[in-house]
Amino acid sequence: MPDTLCRQCGGELDVEKQCFHCDQPIQLVCTKCTNPTEIRFHSQCIYGEENICHTVAALA
């Protein structure tokens, strides 16, 4: 189940980072306390090591 509220303060979450391949959210950030969630990669977009490297490089 995806996060809908911040686990630290209960504030609303907004998209912080998106998947390099499909633009789906992979990290959210609280609009109230700016606490980020953990990055969640999804397997349907990561097929090989090359894609993983590109995705990680895009997040840096």
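Predicted model: local features only at pLDDT ≥ 70, side-chain atom pairs only at ≥ 80, totals over all residues.
From the N terminus on, the chain runs β-β-α, with two strands and one helix in total. T37 belongs to the loop between β2 (25-30) and α1 (49-59). Once residues up to four places away in sequence are set aside, T37 touches D3, L13, Q27 and L28.

Q27 is part of strand β2, and a polar atom of the Q27 side chain lies 2.7 Å from the backbone oxygen of T37. Is Q27 buried or exposed? Q27 has a relative accessible area of 10% and is therefore buried, the limit being under 20%. Leaving aside neighbours within four places in sequence, Q27 is in contact with D14, V15, E16 and K17, and also with P36, T37, E38 and I39.

The view may now be widened to the chain as a whole. The accessible surface of the chain comes to about 4,500 Å², with 51% of it belonging to carbon and sulfur atoms. Among contacts between residues at least 6 apart in sequence, 27% join residues at least 24 apart.

Methods. Residues numbered from 1 in each chain as written. Heavy atoms only, no water. Helix = DSSP H or I, 4+ residues; strand = E, 2+ residues; numbered from the N terminus. Contact = heavy atoms within 4.5 Å. Areas by Shrake-Rupley, 256 points an atom, 1.4 Å probe, with all protein chains shown as cover. Buried < 20%, exposed > 50% of the residue type's maximum accessible area, 1.4 Å probe, protein only. Polar contact = N/O pair within 3.5 Å; in protein donor to acceptor, adjacent residues only side chain to side chain.
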